[in-house]
Amino acid sequence: MNKIGSKIRELQNEAGADIQIVAVSKTKPVSVIKEAYETGQRIFGENKVQELQVKQPELPADIEWHMIGHLQTNKVKYIAPYVSMIHSVDRMKLLRTINKEAAKNKRVIPCLLEFHIAEEESKFGLDMMEAKQILESDAYSEMKNIQIAGVMGMATFTTDVEKIREEFALLRNIYQQLKTSYFQHDAAFKEISMGMTNDYKIAIEEGSTMLRLGSLIFGARE
Ligand SMILES: *Cc1c(COP(=O)(O)O)cnc(C)c1O
């Protein structure tokens, strides 16, 4: 087993079988992704459409590509044929576009609603009111080609563990409220995507179902 493979295995053991690891391969070359693939990793995360477009055709077709970064509506069409999940749905217009492009490809694309849980203004995401507006809209109820599979969030970049814990607890709380109000009988709504290299241990404790890990697996980015 190569070094990347044993790192992923170690992390998977730590997280437990119920948590999925998204190996965040942004900025990393295809050769490095292949190393992870060869040891069994299938879920990879990228944050730029252009980069994903270059890598996807060069790698095995059974890779599940997750778009985790901020997404412009005019770029959805490029990834709609193959993307396995979009973590960064932060506005109605984007959801509408994903639905339209998924329909063109005769697909249903799983999406996560991204919530703004951090203190920093720079981070993207919905608040509860905006999410409710989307989920209660007629337009949403008519969308046949998207599947809302859960929520995603990024904590504040800080060393204050209790602050990070509060933000992750808030996201879990949002998830539970949405589950109760809108998705009680929808088994597909089950994901809480939270936890990165610096805060994944706290995310596990706070109920994450998907860790998005980059530098911890592949080493620091340039
Ligand atoms: C880059 C990125 C990650 C992974 O970051 P690391 O700190 O390297 O683990 C996770 N989520 C998003 C949205 C990212 O852009």
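Reader: To start, is E101 buried or exposed?

Author: Please keep in mind that this is a predicted model. E101 counts as buried because its relative accessibility is 8%, and buried means under 20%.

Reader: Where is E101 placed?

Author: E101 is in helix α5, which covers residues 92–104.

Reader: Which side chain does the side chain of E101 join in a polar contact?

Author: The side chain of E101 is joined to that of K104 by a polar contact of 3.2 Å.

Reader: And I98, where is that found?

Author: I98 is also found in helix α5. Its relative accessible area is 0%, so I98 is buried.

Reader: How far is I98 from F115?

Author: Their C-alpha atoms are separated by 18 Å, and I98 and F115 are 17 residues apart along the chain.

Reader: Now the ligand. Which residues surround the ligand?

Author: The surrounding residues are V24, K26, I68, M154, M196, T197, R212, L213, G214, S215 and R221. Sorted by class, this shell has 5 nonpolar, 3 polar and 3 charged residues.

Reader: What lies 2.7 Å from an oxygen atom of the ligand?

Author: That is a polar side-chain atom of K26. T197 also has a polar side-chain atom placed 2.5 Å from a ligand oxygen. With G214, a polar backbone atom is 2.8 Å from an oxygen atom of the ligand.

Reader: How much of the ligand's accessible area does the protein cover?

Author: On its own the ligand has 390 Å² of accessible area, and the protein covers 92% of that.

Reader: Which pocket does the ligand take up?

Author: The ligand takes the space of the largest pocket.

Reader: Changing topic, what is the phi of T27?

Author: T27 has a positive phi of about 70°, although T27 is not a glycine. Most residues other than glycine have a negative phi.

Reader: Where is T27 found, then?

Author: T27 is in the loop between β1 (20–24) and α2. T27 counts as exposed because its relative accessibility is 51%, and the cut-off for exposed is over 50%.

Reader: What about the phi of K106?

Author: K106 is not a glycine either, and its phi is positive, at about 50°. The loop between α5 and β5 (109–115) holds K106. The relative accessible area of K106 is 77%, so K106 is exposed.

Reader: Is Q41 buried or exposed?

Author: Q41 is buried, because its relative accessible area is 8%. Q41 lies in a loop, between α2 (30–38) and β2 (43–46).

Reader: Which backbone oxygen lies 2.9 Å from a polar side-chain atom of Q41?

Author: That is the backbone oxygen of I21.

Reader: Why does K201 count as partly exposed?

Author: The reason is that the relative accessibility of K201 is 47%, and partly exposed lies between under 20% for buried and over 50% for exposed.

Reader: Which side chains make polar contacts with the side chain of K201?

Author: One of them is the side chain of E14, at 2.8 Å. A polar contact of 3.5 Å also joins the side chains of K201 and Y200.

Reader: How far apart are K201 and A15?

Author: In sequence K201 and A15 are 186 residues apart, while in space they are 8.4 Å apart, C-alpha to C-alpha.

Definitions and conventions:
Residues are numbered from 1 along each chain as its sequence is written. This is a predicted model: local features need pLDDT of at least 70, side-chain atom pairs count only at pLDDT 80 or more; totals for chains, interfaces and linings use all residues. Side-chain values use heavy atoms; hydrogens and water are left out. A residue is near a molecule or strand if one of its heavy atoms lies within 4 Å of it. A polar contact is a pair of N or O atoms within 3.5 Å; within protein, one must be able to donate a hydrogen and the other to accept it, and residues adjacent in sequence count only if both atoms are side-chain atoms. Accessible areas come from the Shrake-Rupley method with a 1.4 Å probe; for residues, only the protein chains shown count as cover. On a 1 Å grid over the protein atoms alone, a cavity is a set of points where a 1.4 Å probe fits but cannot get out, and a pocket is an open set with protein on both sides within 12 Å along at least five of seven lines; lining residues have an atom within 4 Å of a point. A molecule sits in a cavity or pocket if more than half of its atoms lie within 2 Å of its grid points. Ala, Val, Leu, Ile, Met, Phe, Trp, Tyr, Cys and Pro count as nonpolar, Asp, Glu, Lys and Arg as charged, and the others, Gly among them, as polar. Helices (H or I, at least four residues) and strands (E, at least two) are DSSP runs, numbered from the N terminus. Buried means under 20% relative accessible area, exposed over 50%, partly exposed in between (1.4 Å probe, protein chains only).
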